[in-house]
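Subject: A structure for you to explore

Hi there,

Here is the structure I promised to pass on to you. Please open it next to this message, and then read on for what turned up in it.

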Amino acid sequence: MAVSIADNLARIRAEVDDAARAAGRDPSSVRIIPVSKYHPVSQIREAHAAGYALFGENRVQEMVAKHAEVADEGIGFAIIGNVQSNKAKPVAELAAELQSLDSLSLARNLDRRCAALGRRLPVLVQVNTSGEPQKSGIAPEAAVDFARQLQQFEALDVRGLMTMAVFSDDEAEVAACFTRLTDAQARIRDALGGGYDELSMGMSGDFTLAVAHGSTCVRIGTAIFGPRVVA
Ligand SMILES: *Cc1c(COP(=O)(O)O)cnc(C)c1O
């Protein structure tokens with residue numbers, strides 16, 4: 001293997017930093033979450049050795065299995081995919097954060113479980129900014145109302161918003177998704193008087209554009225670990 005995971009991480013970190021500076025932003029305001037879904041724990045350990053301790057997984061079962069293998073090495077997981085109600089328990093118990101909160105019933109379920117565990121779970125609200133029916137997330141127009149409702153859940157530490165932009169070569173279409181997220185953030189801040197600082201947006205194909213639009217968290221799989229082999 002000519003290019004290592006550590007090389008990829010260093011290259012992406014430099015690209016994120018450049019994009020932040022070009023936008024007049026502090027590079028340290030953007031974190032990178034390597035997305036390890038479908039990749040083995042050996043690759044997670046390689047990225048950990050390169051300085052990364054939080055990894056994105058979109059399937060709860062896969063997170064549970066990997067957590068059992070590497071949690072005692074100081075490695076944690078952010079859930080970035082849809083969570084069915086019957087998977088709320090392992091998320092409340094094991095996830096370091098949840099970036100894909102998109103229903104009040106899931107919020108209620110997680111809040112009750114986290115309160116019982118005596119922990120506060122960091123969460124982001126997923127917003128469907130592309131309008132594609134196959135993507136999860138609340139509608140941008142519902143964001144303020146949803147944010148108000150979430151205020152009742154004391155065991156949820158709501159930090160901001162997450163989105164997946166449309167997958168397209170048309171940069172304007174992708175940028176429009178990012179702008180819908182920052183608009184939703186602005187409306188929530190107006191209504192609630194602040195908060196919601198985190199904006200998780202940007203993946204392998206669009207992360208520099210996302211940083212230009214204010215992303216504070218890019219979630220990168222393929223550009224770090226290579227293509228996923230999905231059985
Ligand atoms: C898989 C996934 C990513 C990473 O996608 P890449 O294109 O491989 O970087 C980011 N965010 C979410 C929600 C994902 O499911």
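One definition before we start: a polar contact is a pair of N or O atoms within 3.5 Å; within protein, one atom must be able to donate a hydrogen and the other to accept it, and residues adjacent in sequence count only if both atoms are side-chain atoms. Please keep in mind that this is a predicted model, in which local features need pLDDT of at least 70 and side-chain atom pairs count only at pLDDT 80 or more, while totals for chains, interfaces and linings use all residues. Residues are numbered from 1 along each chain as its sequence is written, and side-chain values use heavy atoms, with hydrogens and water left out.

**The loop with N128**

N128 sits in the loop between β5 (121-126) and α6 (143-150). (Helices, H or I with at least four residues, and strands, E with at least two, are DSSP runs numbered from the N terminus.) A polar atom of the N128 side chain is 2.9 Å from the backbone nitrogen of G131, and a polar atom of that side chain is 3.1 Å from the backbone oxygen of K135. N128 is buried, because its relative accessible area is 12%; buried means under 20%, exposed over 50%, and partly exposed in between, with a 1.4 Å probe and protein chains only. Apart from residues up to four places away in sequence, N128 touches K135, S136, G137, I138 and P140, where contact means heavy atoms within 4.5 Å.

**Around the ligand**

Which residues are around the ligand? They are V35, K37, I80, M164, M203, S204, R219, I220, G221, T222 and R228, each with a heavy atom within 4 Å of the ligand. An N or O atom in the side chain of R219 is 2.9 Å from a nitrogen atom of the ligand. An oxygen atom of the ligand lies 2.8 Å from a backbone N or O atom of G221, and a polar side-chain atom of R228 is 2.8 Å from an oxygen atom of the ligand. On its own the ligand exposes 390 Å², and the protein buries 92% of that; these areas come from the Shrake-Rupley method with a 1.4 Å probe, and for residues only the protein chains shown count as cover.

T163 belongs to the loop between β6 (156-162) and α7 (171-192). Its relative accessibility is 0%, so T163 counts as buried. The T163 side chain reaches the backbone oxygen of V127 at 2.6 Å.

**Helix α2 and one of its faces**

In helix α2 (residues 41-49), the buried residues are V41, Q43, I44 and A47. Looking down the axis of α2, these buried residues fall within an arc of 155°, so they line one face of the helix; the arc is that of the directions from the helix axis to the C-beta atoms. They pack against α1 (5-22), β2 (54-57), α3 (60-70), β3 (76-79) and α9 (222-225). Just after α2 comes G51, with a positive phi of about 110°.

**Two tyrosines to look at**

Most residues other than glycine have a negative phi. Y38, in the loop between β1 (31-34) and α2, has a positive phi of about 70°. Y196, in the loop between α7 and β7 (198-200), has a positive phi of about 55°. Are these residues buried, partly exposed or exposed? Y38 is partly exposed, because its relative accessible area is 28%, whereas Y196 counts as buried at 7%.

L150 belongs to the largest nonpolar core, which has 65 residues, and L98, L101, L110, V125, L150, L156 and L161 touch the most other members. The largest share of this core, seven residues, comes from α7. A nonpolar core is a set of buried Ala, Val, Leu, Ile, Met, Phe, Trp, Tyr and Cys residues joined through side-chain atoms within 4.5 Å.

Happy exploring!
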